[in-house]
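Dear colleague,

Please find below the structure that I am handing over to you. My notes on what was found in it follow.

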Amino acid sequence: MADQAKRRGLARRLMGQIALLVTAIMISGGALSLWLLTGIIKDNLQASLAVTSAEYLHDLERNLFFVAETLKNFSRNQLVVNSLVDTAGREFYLPQLAEELSSGHHILDVSVLDFSGNIIFSSSGGRYDHRSHRNFQRTLANGTGYVHHQGGEGQGSGFLIFLQPIEYYRTTQGVVALTVDLVDFVKSAARQDKGLSYRLFIDQRAVYSDNFQADNAYVSLRNKDTRQMSYLHELGMTVEIGVLKKEYRQPLVQAAWRFLGLAVIALVVAVFIAARTGQRIARPIVELCDRVRRTSLDEAARCSPLGTGDELEELALAFDLRNGQRLQVQEELRANNEALEDEIFRRQIIEELLQKAHDNLEKRVEERTQELRASQESLTRAQAIAHLGNWDWQVGEDRLWWSDEIYRIFGLEPQAFAANYEAFLAVVHPADREMVTQVVEKAREKGAPFALEHRIVLPSGEERVVLEQGAVVCDAEGVALRMVGTVLDISVQKELEMLLVKEEERLSSLLALSQRSWASQEELVEFALEEAVRLTGSEVGYFHLFDERQEEIELYAWSKKTRAVCTTAEALSHYPVAAAGVWADSIRRRQAVIHNDYQALAAKKGLHEGHFSLRRHLGVPVFDGEAIVAVVGVGNSTQEYHADSVRQLTLYMNSMWQVLKRKRMEEELQRKNANLAVLYKVTEAVNKSSNLQETLVDILEAVTRLDFVKVEQRGVLFLVKDDKLVLAHHLGHPDAICDRFAADHQCLDFANCLCGLAARSGEIVISENSATDPRHTLNYAELPDHGHVILPLKAKEEVLGVLCLYLPLGTTIGSKELELLQALGNQIGTGLDNARVYEKVKALALHDPLTGLANRRYLELTFTKNLARAQRHGTPFAIIMFDIDYFKKYNDTYGHDAGDAILVTLAQVVSAQVREVDFLARYGGEEFILLLPDTTLSQAGKVAEKVRQLVESAAGVTISLGVSAYDAELVKSQERMISQADKALYRAKGQGRNRVVVA
């Protein structure tokens, strides 16, 4: 029964396979068409989704970049940096700056933390704590901003945290943290295509979805490649965009049904064919499978004979043969494997021991080799630096050894030297050989050391002077065995001695050059040139300036005799180096060039008509650092020019250039001092007053009185506001047009005048004649023709205003004056910015940013005035201190936002009920102080009770109040009055709250 069941099962499988083959052949064409159609639709959909996904990601990246850059600018604000160490700054500057930063509806909190992690300021009252996150520590350590996601409960919640370091002198002092509502932020970049669904993932977790229903099936694309988008990549943020499957499946439904019908027909045909052959094929196959299964349990079992006489029978025989061979090979492999493992283990041990010994030996050899090489190299370098060599002469064998440095000094190669005493004497100058021989023989006889100077002759014919020093090594009987010593090259020292006289002459001339007071640069150059001609024994000389950037020579000065004998028309002109003859080779080669036979030079271009005859010539470039700044030349010396001539001329003219450079610097310094005086006068006017309008008047009056540029005492000053120029102040205009001028210029468009051009471009605008300049749109017959120079007043690259000055007709302004005008505009712009910031900060410094009430500082100023008035006139004066009952519990229950709302409501309720002369201030936290001038203690108690009842009914919370009053005998100071009111307030707390206690 089992075999029969197997045969039936195999027959069914064979029928299925045959049916499948026939079906596949018949419907392959239809399937291929369906597959191509599906691929086209899918590709189009995927391409559309990819474009939409990329655009969405770019929108998110751009929004993240904008928030991050805004936070960077906030962290670099000087007021934020100062607030890290200035307690007042935290109260005055940070709230306003943070309010401006968090104006976006998706920004929940702006916090400032110092380097230790203390929260300096939090716009949400410390609701968000970022100190435990690793990015906070990375920001402090690396000085680099980071952004990360902090999840909330469930999908569609959480925050984006931006961290940015606050740096002071390139040192991280603290961190600014910006908390952004993730959902609001993502919605700002979301697309509005209702046919698509959007899902946003951060680190594989869905944080936001739009138009997505979990019970619907979607065809979607998830874009994970955000490597080019730094902020999305850092957050691990990806987006999935999809479309409902039912919306694009309809074109495929009909084709699918036709395909199904064809498959059914093919299946019926295949089953009919397979049914006739399935049973016949199945029986021997099942039998063979059973026998193969038995061989897996019993290795001695056999699959043959099967009795079919066909390919299955051959398969059974082959399987039996293969099984026998497998058993034999397995046994042989088992034995070989055990032997091989033993041999490998033994060889590994031997190789490890050999390698260890080899490594130790190589290391010792390398260390010793390096020590010997370093010692030899150090000795060779030392001898080369000192030009000092050592020698060893074996007297008995007449064998001489020299160090490498001696060979270099004598100009010999070791292989070309006989290495004995006679070979040494052959190198000594013939005139000095007898002296050397006598000194050496005397040292050998007496066994005493020696020292002598003598000349040597190099193979090239050059002579050098050396200092020989030696000592004798004798045996026990006093016979010289060896002589050892040193050779020192002192040729340079001898040359220096010979040059000393010439140096003294040159230095004397330089002393005169540097100590004289020169009326002009030209006088200094003429004196130096005459001295250069004299020092080199020349007849003529010249000094020309050189512009290395333009490759151009300026004929600056000729010596007196040159001017007397030269009448060429080319004198004192400018021309390029390429047009100069061989006399300019010193510039091309960047070194001194000697022409001792000038007439024989083949490359010369010839002399101009009227030029004197030139026999010899020496040209030397003058350097300032690495740049050639001038060229000096002398000619027609009585003797040939040589290296000493080059040296003397080079040193003298380079020194002259330093004196000339100092003279230029003195003149430039005088000009800059004059410019600084101008800036000082303007700065003095800018700093004269902190009031913006007074500053504008002082600036215009100061600038029109300056004389560094020939400006008339007439000018106009505009401020920039919303692409308009608003008249701030003007002066110097005739009375007949003064009112009309002010009305015409009250508010100007940028595009209508020269001043608008300066405001748009941020550059200085100059007009030499207003009557003919088409850019000048407002003219008055009462004013004579004139010119204008218009300065944009900039601070931090922002144009804050425009200063228009009047110039006499046809006035031109040089580059130096233009540079000073630009500095003047920046200086005035900075002054305007400071005055504007001062007024803004002044307002912020005296009011509480949450409630709008006076802050503690403003309270102290007003308190002092009222107390002084009460003391001076003897009038009553009382104060009320109150705070909200159980305010901390209220915050913990409803949150800090609700607590802030209660503080604002309380301030509005109380402010609306007090007198105009009364003064309400936020003292700190939930505490408030109300100043009541001309009010007695009992009257103040009644006012306090009225305030208590009003707050309870209108604000929905209760308050406790303490009342105190000025007393000429007991309570006569501000501190005492506040202390009495504070104690009364705490007694009200102790008595059950929601009550008034009078001190």
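I begin with the second largest pocket, which has 21 lining residues; Asn-77, Leu-79, Leu-97, Lys-796 and Val-837 lie nearest its centre. A pocket is an open set of points on a 1 Å grid over the protein atoms alone, with protein on both sides within 12 Å along at least five of seven lines, and lining residues have an atom within 4 Å of a point. The volume of this second largest pocket is about 730 Å³, where a volume is the space filled by probe spheres set on the points, joined across faces, edges and corners. Helix H21 (815-845) gives the largest share of its lining, seven residues. The lining has nine nonpolar, six polar and six charged residues; Ala, Val, Leu, Ile, Met, Phe, Trp, Tyr, Cys and Pro count as nonpolar, Asp, Glu, Lys and Arg as charged, and the others, Gly among them, as polar.

Please note that this is a predicted model, in which local features need pLDDT of at least 70 and side-chain atom pairs pLDDT 80 or more, while totals for chains, interfaces and linings use all residues. Residues are numbered from 1 along each chain as its sequence is written, and side-chain values use heavy atoms, with hydrogens and water left out.

The largest pocket has a volume of about 1,100 Å³. It is lined by 32 residues, with Phe-121, Asp-848, Pro-849, Leu-850 and Arg-922 closest to its centre. Helix H24 (896-913) supplies the largest share of this lining, four residues.

The search of the whole structure also gave one cavity of 30 Å³ or more, a cavity being a set of points where a 1.4 Å probe fits but cannot get out. The largest cavity has a volume of about 160 Å³, and its lining comprises 12 nonpolar residues, no polar ones and one charged residue. Among the residues nearest its centre are Trp-391 and Glu-468.

The largest nonpolar core contains 51 residues, and Phe-74, Val-112, Phe-162 and Leu-178 have the most contacts inside it. Such a core is a set of buried Ala, Val, Leu, Ile, Met, Phe, Trp, Tyr and Cys residues joined through side-chain atoms within 4.5 Å, and buried means under 20% relative accessible area (1.4 Å probe, protein chains only). Leaving aside neighbours within four places in sequence, the contacts (heavy atoms within 4.5 Å) of Phe-74 include Leu-97 and Val-112.

Overall, the chain has 26 helices and 31 strands, which are DSSP runs (helices H or I, at least four residues; strands E, at least two) numbered from the N terminus.

Conventions. Buried means under 20% relative accessible area, exposed over 50%, partly exposed in between (1.4 Å probe, protein chains only).
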